[in-house]
Each structure stands twice: as structure tokens, then as C-alpha cells.
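Please read the points with the coordinates open.

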Amino acid sequence: MADWAIRPAVRADVESVAELRAVVLRADLERLGRYDERRVRQRLRDGFEPGHTWVIEVGGLFAGCVALRPDADARCHWLEHFYLAPGLQGGGIGSGVLGGLLERCDRDGVPVVRLNVLRGSPARRLYERYGFSVEAEDSVDVFMVREAPTRRRP
């Protein structure tokens, strides 16, 4: 696994994150007939919240990002915008980042973490390994949920 670190995002990171999103999601969005070169970037710009986002760096350089946003009434957190540069995928960085975030959620008493992943995305396997299960799906997205270990049913 490469030497990586995460740091809090700043507003100036938005364009790097938007560009990475377009690269990472392109194949899945094209497969689903949903790729739009402008929209894929603009949706990220419109929803970018630096206060809930971290930048992943490898060797001090931008390599990805992840966001963890509490919902309006703080009953759950949403894992969003989890992108890693294609050349770094599969090397354990994503697992390390996700595991660290979920440990923090458990420690902080976050009862539920939710996310959505594109249908057919290989990222779904990563989420399932970390205890996420399918809650619902539509023609584009799979909605997944992970309850804190103390809330899980036997």
C-alpha cells in the first residue's frame, strides 16, 4: 500500500475533486447511459462542502477525496464523493480511508452511515466488506446502509 494521508479539504480543492469525479465515474455513467461531461463536474461543484470533506494525498500530492456529511437531524451520516485516482485503486488506500472513517463514526456514536453507489460499480464490493448492505436500488443507484456495531441485529 502506498504511503497516504488525509487532510481537511478547502474550497480551492473543488476543481481537482470535480475533475477526478469525472474521470472515476465516466465508465460507469457511460454504461448506464448517464454520462454528461459538464453535468458530472457541476453536480460536484454544487454539492461540495469543504467542512465535511477530506482530501487524500499520496506522497503529498492530490490522489482522491471523501466526504462524510451528517444529515439534517444528525440521525445518520452520508458517505459521499469517495474517489481515488484510477492508478491507485486496488492498493489498499480506499480500504484504509474507509476503515478509518467508520472507526471514527463508531467512536463518535454515529448510529448509521448511508451511501449510494452506481449500479454495477466495483466499489460496491468494498462497501459490503465494511458491513454495508443494500437498502434500496433504482435504475442508476444502489443505496446502502451500515449500522454502528452496537445497533446491529444478531
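1. Basis. This is a predicted model, in which local features need pLDDT of at least 70 and side-chain atom pairs count only at pLDDT 80 or more, while totals for chains, interfaces and linings use all residues. Residues are numbered from 1 along each chain as its sequence is written, and side-chain values use heavy atoms, with hydrogens and water left out.

2. Largest pocket. A pocket is an open set of points on a 1 Å grid over the protein atoms alone, with protein on both sides within 12 Å along at least five of seven lines, whereas a cavity is a set where a 1.4 Å probe fits but cannot get out; lining residues have an atom within 4 Å of a point. The largest pocket has a volume of about 1,300 Å³, volume being the space filled by probe spheres set on points joined across faces, edges and corners. Its lining comprises 41 residues, and L25, F82, Y83, V117 and Y127 lie nearest the centre.

3. Pocket lining. Two or more residues each come from helix 1 (14-31), helix 2 (37-47), strand 4 (77-84), helix 3 (93-107), strand 5 (112-118) and helix 4 (123-129), these being DSSP runs numbered from the N terminus (helices H or I, at least four residues; strands E, at least two). Strand 4 gives the largest share, 7 residues.

4. Largest cavity. About 30 Å³ of space lies in the largest cavity, whose lining is formed by G47, E49, H52, T53, A67, R69, E80 and H81.

5. Helix pair. The axes of helix 1 and helix 2, which come within 8 Å, cross at roughly 135°; axes are lines fitted to C-alpha atoms over the stretch in contact, and angles run from 0 to 180 degrees between N-to-C directions. The two helices are therefore oblique to each other, given that angles under 35 degrees count as roughly parallel, over 145 as roughly antiparallel, 65 to 115 as roughly perpendicular and the rest as oblique.
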